[in-house]
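Dear colleague,

Please find below the structure we discussed, together with its sequence. My notes on what was found in it follow directly after.

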Amino acid sequence: MPFYRSVVLPRLIHSAMRQDHLVPYRHRLVATASGTVLEVGIGSGLNLPHYPAATSRIIGLDPAPKLLARARHLASSAARPVDFVEGSAEAIPLDSASVDTVVTSWTLCSVSDVAAALAEMQRVLRPGGALVFVEHGRAPDARVVGWQNRLTPVWKRIAGGCHLNRPIDTLVESAGFVIERLDTGYAEGPRPMAFMYEGRAVRRG
């Protein structure tokens, strides 16, 4: 186990989350974002260069001050206003029906209370507003799911609370969103970490 945790798992993380490999996902993710955008879990701001001209304002939410500081540096050359808010997805400090698009990228896997977070995203979206997401989660193959279930207890401790086995589409629909588009499939990398969900869902009502 010490060798696995100190050598094998860090290599798996590096392989699964290489930034050059994720750039196309980031670009597709924000391509349809428009109006006032809330990015939940903005982290260090790696999605910022990919936002289209149709976005008039970006609000970046994250609980980590150090990551927000890095995102502010990237935002200094952004073509549109970017505001940053320190806070959690489970209690978004914004008014109800105040944003047009919510964006998440590899965020729902690590939120402590994912149902509460999705309910908050519903609340802050205007009627007809959209949640666009790219997430990794539960695979369709029983053998891979078995590995996801076995690895998740350890993975959560070394990867910031990340769950490998969350069924992203089911969670989004259970929160009351209507999924308009969903693409799934394995990205490059170890299969327990690499089953991706790319989608767009709209708020009901």
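A salt bridge is counted here when a side-chain nitrogen of Lys or Arg lies within 4 Å of a carboxyl oxygen of Asp or Glu, and a residue is called buried when its relative accessible area is under 20%. Please note also that this is a predicted model.

These definitions bear on Arg-26, which is located in helix 2. Arg-26 is buried but forms no salt bridge. The nearest side chain of opposite charge belongs to Glu-39, at 5.8 Å, and a salt bridge would have to fall within 4 Å. Leaving aside residues up to four places away in sequence, Arg-26 is in contact with Gln-19, Leu-46, Asn-47, His-50, Ser-105 and Trp-106.

Helix 2 itself, residues 19-30, lies across strand 4 (99-105), strand 5 (125-136) and strand 7 (195-203). Its direction makes an angle of about 165° with strand 4. Helix 4, residues 114-124, lies across strand 1 (35-40) as well as strands 4, 5, 6 and 7, and runs at about 145° to strand 5.

As for the sheet, seven strands form an open arrangement in the order 3-2-1-4-5-7-6, and their pairing is mixed. Strand 3 (82-86) and strand 6 (177-186) each have a single partner strand, so one side of each lacks a neighbour in the sheet. On average, neighbouring strands are turned by 15° against each other, direction ignored.

Among the residues involved, Ile-58 has Val-82 of strand 3 as its bridge partner.

With kind regards

How values were computed
Residues numbered from 1 in each chain as written. Predicted model: local features only at pLDDT ≥ 70, side-chain atom pairs only at ≥ 80, totals over all residues. Heavy atoms only, no water. Pairing = 2+ DSSP bridges. Helix = DSSP H or I, 4+ residues; strand = E, 2+ residues; numbered from the N terminus. Axes fitted to C-alpha atoms, helices over the stretch in contact; angles between N-to-C directions. Contact = heavy atoms within 4.5 Å. Buried < 20%, exposed > 50% of the residue type's maximum accessible area, 1.4 Å probe, protein only. Lys, Arg positive; Asp, Glu negative; His and termini not counted.
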